[in-house]
Amino acid sequence: EPADKLAAFQARIDADGRIEPQDWMPEAYRRTLIRQISQHAHSEVVGMLPEGNWITRAPSLKRKAILLAKVQDEGGHGLYLYSAAETLGVTRAELIEQLLSGRAKYSSIFNYPTLNWADVGVIGWLVDGAAIMNQIPLCRCSYGPYARAMIRICKEESFHQRQGYELLLTMMRGTPEQRQMVQDAVNRWWWKCLAMFGPPDSASVHSEQSMRWGIKRISNDELRQKFVDATVPQAEVLGVTLPDPKLKWNPERGHYDFGEIDWDEFWQTVNGHGPCNKERLGTRIKAHRDGAWVREGALAHARKQRERAHK
Ligand code: ACO
């Protein structure tokens, strides 16, 4: 790749400028963005499933309306992100094929089961809370279409986080059994949410280059720490215990210390062997197959329109 173009590209990023689809960019930058944006899109779409499970079992009309809206938002996020990835010269069909064949990654977090209604609240509070922490810096990503998509996504994620926290506050004001359900859900999700931020910086293969390219602005470990620091006081207000005996304020660091994440379990899950990986992919494959007639219909319609226009 020509050195002068590379230098101009890096200078634009260093000056906090944005790269747009028609601009020259190094091939590795393009590939990194396709990887990250498509993994992100897949996560949104697979992320509809754990909660979608609860739409027909929501305890009231109000909760059902909120949950429906939230799950639809996740679908919408997937669509903006696939569109952002398409500006880099890849087709949505290729990306979906990668997901359905099991070759593409998506967030580890969506491979765990939702066992009780409190899981819906905890996903909002902790999973979407972690997602926002990771996604706010992406609004300043060097690639324009991704950064712009993230602004709207973050606004919607913020609503998701709040509805989850409010759901949990309501349950905590309920019966002892309801409080127990919330604590049980927090126990099962806490560590998985900490792992969502990705491997420790020392083991994160892409971080250094992605930071230099302005794709990532804050490292995996720093974001994880920010999430812990923000969440502990929220857990206190809620009245739940975070399941980590090592969680403790460290006045010297000005941060909470916390215990060791089980990275073996994380990689098992990322590599397809988590508790729900097969079920999640199976559901997506079936949905894709069941939707084939819609795609065929839309293509036939487009063909007819084109033929008519040529007459
Ligand atoms: N789940 C699955 N895979 C992960 C996770 C995770 N939680 N964290 C890291 N990985 C994967 C990376 O994708 C990468 O795999 P690859 O090389 O096959 O592509 C590998 O582990 C190494 O990790 P890093 O070098 O740290 O990778 P990266 O610099 O891409 O950082 C991160 C990972 C932080 C997830 C980044 O890609 C990112 O910010 N993505 C956008 C946000 C996103 O996808 N959020 C999805 C969940 S939120 C939601 O949808 C509600």
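This is a predicted model: local features need pLDDT of at least 70, side-chain atom pairs count only at pLDDT 80 or more; totals for chains, interfaces and linings use all residues.
A polar contact is a pair of N or O atoms within 3.5 Å.

**The ligand site**

There are 29 residues around the ligand, and those that come nearest are Gln39, Lys105, Ser204, His206 and Lys216. Asn134 has an N or O atom in its side chain that is 2.9 Å from an oxygen atom of the ligand. The table sets out these contacts.

| Side chain | Ligand atom | Distance |
|---|---|---|
| Asn134 | oxygen | 2.9 Å |

**Helix 4 and helix 6**

Helix 4 covers residues 61-86 and helix 6 covers residues 117-135; their axes are 13 Å apart and meet at an angle of about 45 degrees. The two helices are therefore oblique to each other. The crossing of helix 4 past helix 6 is left-handed. On the side of helix 4, the contact is made by Arg63, Leu67, Lys70 and Glu74, and on the side of helix 6 by Trp117, Val120, Ile123 and Asp128. Sorted by type, the residues of this contact are four nonpolar and four charged, with no polar ones.

**Helix 7 and helix 10**

Helix 7 (residues 144-172) packs with helix 10 (residues 220-238) at an angle of about 30 degrees, and the axes are 10 Å apart. Angles under 35 degrees count as roughly parallel, and helix 7 and helix 10 are therefore roughly parallel to each other. Helix 7 brings Gln161, Tyr165, Leu168, Leu169 and Met172 to the contact, where they meet Gln234, Val237 and Leu238 of helix 10. Six of the contact residues are nonpolar and two are polar, while no charged residue takes part.

**Helix 12 and helix 13**

How do the axes of helix 12 and helix 13 cross, and within what distance do they come? Helix 12 (residues 277-290) and helix 13 (residues 292-310) have axes that cross at roughly 40 degrees and come within 4 Å. That angle makes helix 12 oblique to helix 13. In the contact, His288, Arg289 and Asp290 of helix 12 meet Ala292, Trp293 and Arg295 of helix 13. The residues of this contact divide into three charged, two nonpolar and one polar.

Conventions:
Residues are numbered from 1 along each chain as its sequence is written. Side-chain values use heavy atoms; hydrogens and water are left out. Axes are lines fitted to C-alpha atoms, for helices over the stretch in contact, and angles run from 0 to 180 degrees between N-to-C directions. Angles under 35 degrees count as roughly parallel, over 145 as roughly antiparallel, 65 to 115 as roughly perpendicular and the rest as oblique. A crossing is left-handed if the near helix is turned anticlockwise from the far one by less than a right angle, and right-handed if clockwise. Contact means heavy atoms within 4.5 Å. Ala, Val, Leu, Ile, Met, Phe, Trp, Tyr, Cys and Pro count as nonpolar, Asp, Glu, Lys and Arg as charged, and the others, Gly among them, as polar. A residue is near a molecule or strand if one of its heavy atoms lies within 4 Å of it. A polar contact is a pair of N or O atoms within 3.5 Å; within protein, one must be able to donate a hydrogen and the other to accept it, and residues adjacent in sequence count only if both atoms are side-chain atoms.
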